[in-house]
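Here are a few notes to read alongside the model.

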Amino acid sequence: MTGKIDLLEFMQKNFRRDLSMSEFALASGRSLSTFKRDFRKISDLSPERWLTDYRLRAAYDLLRRGRRVSDACFDVGFKNVSHFSATFKRKFGVTPGEVRRQGIGQS
């Protein structure tokens, strides 16, 4: 089928954008159900969980380089700093501020 693009590459390039999964699907040339089915072929995670995980890992990298917590939060596509901080701590076991302080200390 024409119009379909590589999902992983597309998601990696567009993870910062404020798009719903339906919008991601449409932009990739798929219906939402096809998008989710195709995504299962490339990841064990749902598209939503993959996106959150990818954003968190990108934020971790920014924080290690000294980026402010709020800047990192919004730069990677989160809309709310408190939600970002809680989600970050659940994933990594440390707060974004701790990662930033450790990164600054290594410079």
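1. Arginine 65 is exposed, with a relative accessible area of 60% (buried is under 20%, exposed over 50%, partly exposed in between, with a 1.4 Å probe and protein chains only). Its salt-bridge partner is aspartate 61, with the closest N and O atoms 2.6 Å apart; a salt bridge here is a side-chain nitrogen of Lys or Arg within 4 Å of a carboxyl oxygen of Asp or Glu. Aspartate 61 is partly exposed at 32%.

2. Before going on, the ground rules: this is a predicted model, where local features need pLDDT of at least 70, side-chain atom pairs count only at pLDDT 80 or more, and totals for chains, interfaces and linings use all residues. Residues are numbered from 1 along each chain as its sequence is written, and side-chain values use heavy atoms, with hydrogens and water left out.

3. The structure has 10 salt bridges. One of them joins lysine 13 to glutamate 9, at 3.0 Å between the closest N and O atoms. Lysine 13 is exposed at 60% relative accessibility, while glutamate 9 is partly exposed at 40%.

4. Another pairs lysine 36 with glutamate 48, whose closest N and O atoms are 3.8 Å apart. Lysine 36 is partly exposed at 30% relative accessibility, and so is glutamate 48 at 33%.

5. On packing, helix α1 (residues 7–14) and helix α3 (residues 32–42) meet at about 100 degrees, with axes 10 Å apart. Helices are DSSP runs of H or I, at least four residues, numbered from the N terminus.

Technical notes:
Axes fitted to C-alpha atoms, helices over the stretch in contact; angles between N-to-C directions. Helix = DSSP H or I, 4+ residues; strand = E, 2+ residues; numbered from the N terminus.
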